[in-house]
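Here is a short report on the inside of a protein model. Have the sequence and the 3D view ready as you read.

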Amino acid sequence: MSSLILKVFYYPNNSLSDATLGPHPSQIWRAILHEKDAMTQGLISRIGDGEYPDIWNDNWITREHIKRPRTSQTPQPPTSVAEHIDHTVSSRDEQLIQSILIPIDAETILKIPLCTRQISDFLAWSEDRRGMFTVHSAYNMIQCTKIILGSWLYEHGGRSNSEADCQGWKDLWHIKVASKIK
């Protein structure tokens, strides 16, 4: 509920990624904008009617790391998710998706279940099964991103399973010690 209040007050006509500090920001709003890149990396649009997410610029695909299609195979592809959903039968236009997107993206998108109720799209935290933001999940996401980018930057050979690279950081949260030490 508090996210709706922030949206109405600080960015009523655009998305969080386009939000600015504004004339009288609270300390909470300043802190959120300070970490906006990390926040927007973890936010994902859950598809309802498909009107909100921009296929190419918003995170909406439920997978690790790259949460939007990589590229289009056609010169003028659709821009909203709704353009490839038939709401009368709650299904995607598989032929359109496969003609527009590269196979790995098309396959992933076709596996995303569609909502059968008429609801608007909404934002959720992609790093938690329930879609709820937690400091714990944000910390894990930032640490995993740091490990992956560090391996790429310094040309270290990495494992083919990025989840295994991040497991040590996840295990850190489950050590049986006093919270202040953790």
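## The largest pocket

The largest pocket has 34 lining residues. S3, Y11, M39, L43 and L123 lie nearest its centre. Helices α1 (2-10), α2 (27-34), α3 (36-42) and α6 (135-153) each give two or more residues to this lining, and so does strand β4 (122-125). By class, the lining has 23 nonpolar, six polar and five charged residues. The pocket holds about 1,000 Å³ of space.

Some terms first. A pocket is an open set of points on a 1 Å grid over the protein atoms alone, with protein on both sides within 12 Å along at least five of seven lines; lining residues have an atom within 4 Å of a point. Points are joined across faces, edges and corners, and a volume is the space filled by probe spheres set on them. Ala, Val, Leu, Ile, Met, Phe, Trp, Tyr, Cys and Pro count as nonpolar, Asp, Glu, Lys and Arg as charged, and the others, Gly among them, as polar. Helices (H or I, at least four residues) and strands (E, at least two) are DSSP runs, numbered from the N terminus.

## How to read the model

This is a predicted model: local features need pLDDT of at least 70, side-chain atom pairs count only at pLDDT 80 or more, and totals for chains, interfaces and linings use all residues. Residues are numbered from 1 along each chain as its sequence is written, and side-chain values use heavy atoms, without hydrogens and water.

## The enclosed cavity

There is one cavity of 30 Å³ or more; in a cavity, a 1.4 Å probe fits but cannot get out. Helix α4 gives the largest share, three residues. The lining has nine nonpolar residues, one polar and no charged ones.

## Salt bridges

The count is five salt bridges (a side-chain nitrogen of Lys or Arg within 4 Å of a carboxyl oxygen of Asp or Glu). R63 pairs with D105, with the closest N and O atoms 2.8 Å apart. R63 sits in the loop between β1 (43-46) and β2 (85-86), D105 in helix α5, 42 residues apart. D105 also bridges to R70, at 2.7 Å.

Which of these residues are buried, and which partly exposed? Buried means under 20% relative accessible area, exposed over 50%, partly exposed in between (1.4 Å probe, protein chains only). R63, at 17%, is therefore buried. So is D105, at 0%. R70, at 41%, is partly exposed.
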